[in-house]
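Visitor: I have a model open on my screen and would like to learn how to read it. Could you take me through a few features, one at a time?

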Amino acid sequence: MKAGWEIKKLSEVCQIRPPKKEVKEILTESDLVSFVPMKTLGINKKYFTVIENKKLSEVSSSYTYFRDNDVLLAKITPCFENGKLGIAKNLTNGVGFGSSEYIVYRALDEVNPEYLYYFLNQEEFRVKGKSQMSGAVGHKRITKEFYENSLLPIPPLPEQKAIVKILDEAFAKIDQAKANIEKNIENAKELFQSKLNEIFSQRGEGWEEKTLGEITTKIGSGATPKGGQKSYKPSGISLIRSMNVHDDGFRSKNLAFIDEQQAEKLKNVIIEKNDVLLNITGASVARCCIVDNSYLPARVNQHVSILRLIEGIMYSRFLHYALTSKETKNLLLGIGEQGATRQAITKAQLQSFKIAYPTDMHLQDQLVTILDKFEVDCSKVESKYQQKLVDLDELKKSLLQKAFSGELTKAKAFE
């Protein structure tokens with residue numbers, strides 16, 4: 001520990017959950033106060049923006065009380081693990097009320113609230129808190145023992161303020177760098193999409209247009225086995241759901257499995273080699289992919305449709321690219337019926353949906369080869385930028401670790 005620093009429990013240097021009775025000494029029941037639901041609290045944002053006010057009488061009995069400069073920390077999963085916390089600022093009448101799932105820290109004289117915020121924002125703090133959570137699955141919370149007795153390294157106040165200043169400057173630069181990188185990633189995606197649009201919007205001689213019903217031998221979706229997710233198995237036959245289907249490829253994360261008996265009931269939607277899968281319901285409607293053979297045998301549920309082409313008319317890869325081009329996707333989204341909670345494309349609508357393609361399969365093959373190479377090149381660029389984002393997140397973690405071990409200096413922060 002650096003000379004001149006102390007280590008104390010959070011409960012020794014903060015008032016935790018300040019009493020509501022103090023607000024009644026300064027406000028009346030009809031006075032307005034800020035209302036801060038969980039969705040208002042940000043991630044990696046020091047201050048949160050209040051957008052709602054309520055009368056004190058509406059919130060004083062059921063919600064958590066805080067005031068300007070208090071630090072709010074979400075205590076429930078997954079909000080805690082995601083890092084939802086922030087400092088209260090510019091509250092109406094200086095007072096706020098919010099979720100009962102907040103822990104409120106009021107820094108006492110020897111601790112700077114911004115210094116406290118950065119301490120609570122450490123990944124190490126979240127990892128320790130998660131390991132000590134209690135409660136039912138889905139409703140786990142950090143324990144009182146953890147949020148009161150976690151140890152805070154405390155340098156003198158002037159040094160705390162200096163550390164905050166260094167972190168503010170460093171994080172601002174990191175956030176700007178991340179914003180630039182994310183823009184570059186988006187540009188790489190747009191570059192590939194522009195190539196798709198170039199090919200599918202400038203149709204030359206030898207192209208024709210037919211409906212999916214005319215060029216496929218099968219258009220059909222499946223079902224979820226009786227019992228839903230509880231009926232899934234740890235291994236077996238793949239059941240592909242909409243979350244697995246993405247325009248940039250099949251994703252095996254959260255892949256579900258069913259047994260032979262369940263699969264038999266879905267034998268009408270057996271996926272075959274080169275089938276194109278298309279999401280037909282929900283927020284991911286119109287996303288499509290081709291499943292790698294290594295995941296076969298497989299079935300689809302009711303949110304995914306199989307498109308099986310007539311042999312010798314079109315390559316599956318060409319259809320995949322056609323369906324992911326912006327022009328075609330917009331047309332697909334246009335035919336989707338907007339229901340009460342989700343968008344859906346019916347089998348009849350798919351059967352009548354038109355696709356333009358060159359009748360010369362050699363030309364199709366050439367276009368697919370061009371797009372495959374272009375996609376690989378764009379993916380390499382994206383991967384490089386994604387790694388830069390990872391590196392910047394690691395830099396943030398490193399700076400916070402140094403800040404609370406007494407190793408942080410301005411020179412080190414900007415190395």
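This is a predicted model: local features need pLDDT of at least 70, side-chain atom pairs count only at pLDDT 80 or more; totals for chains, interfaces and linings use all residues.

Visitor: Let me start with a pair of helices: at roughly what angle do the axes of H7 and H10 cross, and within what distance do they come?

Guide: Two packed helices are described by the angle between their axes and the distance between the axes. Here the axes of H7 and helix H10 (residues 316–324) cross at roughly 105 degrees and come within 9 Å. Angles of 65 to 115 degrees count as roughly perpendicular, so H7 and H10 are roughly perpendicular to each other.

Visitor: Which residues in H7 and H10 meet?

Guide: From H7 come Phe-192, Gln-193, Leu-196 and Phe-200, and they meet Phe-318, Tyr-321, Ala-322 and Thr-324 in H10. Sorted by class, this contact has 6 nonpolar residues, 2 polar ones and no charged ones.

Visitor: What about Ser-325: where is its place, and is Ser-325 buried or exposed?

Guide: Ser-325 sits in the loop between H10 and helix H11 (326–335). The cut-off for buried is under 20% relative accessible area, and Ser-325 counts as buried because its relative accessibility is 1%. Its side chain reaches the backbone oxygen of Ala-322 at 2.8 Å and makes a polar contact with the side chain of Thr-328 at 2.9 Å. Leaving aside neighbours within four places in sequence, Ser-325 is in contact with Gln-193, Leu-196, Asn-197 and Phe-200.

Visitor: Can we try another loop residue? Why does Thr-281 count as buried?

Guide: Thr-281 counts as buried because its relative accessibility is 13%. Its place is in the loop between strand E17 (276–279) and strand E18 (288–290). The side chain of Thr-281 also makes a polar contact, at 2.7 Å, with the side chain of His-303.

Visitor: Finally, how many residues does the largest nonpolar core have?

Guide: The general idea first: in soluble globular proteins, nonpolar side chains tend to be buried together. In this model the largest nonpolar core has 43 residues, and those with the most contacts inside it are Tyr-105, Leu-116, Leu-120, Leu-152 and Leu-167. Helix H7 (residues 157–201) supplies the largest share of this core, with 9 residues. Another core lies apart from it and has 34 residues, including Ile-215, Ile-219, Leu-309 and Met-314.

Visitor: And which residues is Leu-167 in contact with, leaving aside its neighbours within four places in sequence?

Guide: With those neighbours left aside, Leu-167 is in contact with Tyr-118, Leu-399, Leu-400, Ala-403 and Leu-408.

Methods:
Residues are numbered from 1 along each chain as its sequence is written. Side-chain values use heavy atoms; hydrogens and water are left out. A nonpolar core is a set of buried Ala, Val, Leu, Ile, Met, Phe, Trp, Tyr and Cys residues joined through side-chain atoms within 4.5 Å. Buried means under 20% relative accessible area, exposed over 50%, partly exposed in between (1.4 Å probe, protein chains only). Helices (H or I, at least four residues) and strands (E, at least two) are DSSP runs, numbered from the N terminus. Contact means heavy atoms within 4.5 Å. A polar contact is a pair of N or O atoms within 3.5 Å; within protein, one must be able to donate a hydrogen and the other to accept it, and residues adjacent in sequence count only if both atoms are side-chain atoms. Axes are lines fitted to C-alpha atoms, for helices over the stretch in contact, and angles run from 0 to 180 degrees between N-to-C directions. Angles under 35 degrees count as roughly parallel, over 145 as roughly antiparallel, 65 to 115 as roughly perpendicular and the rest as oblique. Ala, Val, Leu, Ile, Met, Phe, Trp, Tyr, Cys and Pro count as nonpolar, Asp, Glu, Lys and Arg as charged, and the others, Gly among them, as polar.
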